[in-house]
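Student: I'd like to go through this one term by term. Could you tie each label back to its cut-off as we go?

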Amino acid sequence: MKLHTLLCTAALALTGCATSIESNTGSGTLEAGASWALLPLSNNTDTPQAALSAESMLEHLLRRRGVPELKIYPAALSRDSLFEPSERKVSEEAQKWAREQGVRYAVSGSVEEWRYKVGLDGEPAVGITVKVTDLSSGQIVWSTTAASSGWSRQALSGVAQAVMRDALTSLPLPAVAPAK
């Protein structure tokens, strides 16, 4: 009986830390050698500059996944400002900039949750949506949404990185030839 109780308790604890991911992938692999840009993420949280933190992690993870020629939007297009949170530039401006740069795929999205939960344990919680738009057609060719909460002793940034890394696993990138 004690073993049964222990197993049930462990199962409940593990489900509290599971990452929930939903992906909608387009058809096939994205074009090899195409130019990419990371556009501003929307901050739909109460946490100042959550989107900037998420963008920084997303940039690293995209490069690590092998996204070629990843360009970063100019700082003037940032929607997440500590001092002027009400000023939001429209995503069309960022897409216009990307088209002017000859970019094929634009990565954008939003941060839905980025905080420590209130309470004694203060677990980190992260929720993010990422989409890839083919700027030549205007079609969203891939999107994902992911969320997770961690243990009370985990860092928010660690949970966020794990959530984004797991979410990007279904991104249909072309195979990268190994370095010789």
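Student: Leaving aside its neighbours within four places in sequence, which residues is S108 in contact with?

Tutor: One caveat before that: this is a predicted model, where local features need pLDDT of at least 70 and side-chain atom pairs count only at pLDDT 80 or more, while totals for chains, interfaces and linings use all residues. Residues are numbered from 1 along each chain as its sequence is written, and side-chain values use heavy atoms, with hydrogens and water left out. Now, contact means heavy atoms within 4.5 Å. By that rule, S108 touches L39, P40, L41, T129, V130 and K131, once neighbours within four places in sequence are set aside.

Student: What makes S108 buried, and where does it lie?

Tutor: Buried means under 20% relative accessible area, exposed means over 50%, and partly exposed is in between (1.4 Å probe, protein chains only). S108 has 8%, so it counts as buried. It lies in strand β4. Helices (H or I, at least four residues) and strands (E, at least two) are DSSP runs, numbered from the N terminus.

Student: Why is the pair E31 and R104 called a salt bridge?

Tutor: The label needs a side-chain nitrogen of Lys or Arg within 4 Å of a carboxyl oxygen of Asp or Glu. For E31 and R104 the N to O distance is 2.1 Å, so the pair qualifies. E31 lies in the loop between β1 (20–25) and β2 (36–43), and R104 in the loop between α3 (91–100) and β4 (105–116), so the bridge ties together parts that are 73 residues apart in sequence.

Student: Are those two buried or exposed, or in between?

Tutor: In between: E31 has a relative accessible area of 40% and R104 has 24%, so both count as partly exposed.

Student: How many salt bridges does a search of the whole structure find?

Tutor: Four. Another of them pairs R63 with E59, at 3.3 Å between the closest N and O atoms. These two are four residues apart in helix α2 (residues 50–64), so about one helical turn separates them. R63, at 41%, is partly exposed, and E59, at 25%, is partly exposed as well.

Student: What makes a set of residues a nonpolar core?

Tutor: It has to be a set of buried Ala, Val, Leu, Ile, Met, Phe, Trp, Tyr and Cys residues joined through side-chain atoms within 4.5 Å. The largest such core here has 34 residues, and those with the most contacts inside it are W36, L58, W114, V132, M164 and L171. The elements giving two or more residues to this core are β2, α2, β4, β5, β6 (139–149) and α4 (156–167). Its largest share, seven residues, comes from α2.

Student: How do you know that the buried residues of α4 line one face of the helix?

Tutor: Start with the list: L156, V159, A160, V163, M164 and A167 are buried in α4. Seen down the axis of α4, these fall within an arc of 130 degrees, so they line one face. The arc is that of the directions from the helix axis to the C-beta atoms.

Student: And what should α4 span at 1.5 Å a residue?

Tutor: The expected span is 1.5 Å times one less than the number of residues. For the twelve residues of α4 that gives 16 Å, and the end C-alpha atoms are 16 Å apart, which agrees.

Student: Which residues of α3 are buried, and which are exposed on the other side?

Tutor: A94, Q95, W97 and A98 are the buried residues of α3. They cover an arc of only 155 degrees around the axis, which puts them on the same side of α3. On the other side, E92, K96 and E100 are exposed. The buried residues of α3 pack against β2 and β3 (70–72).
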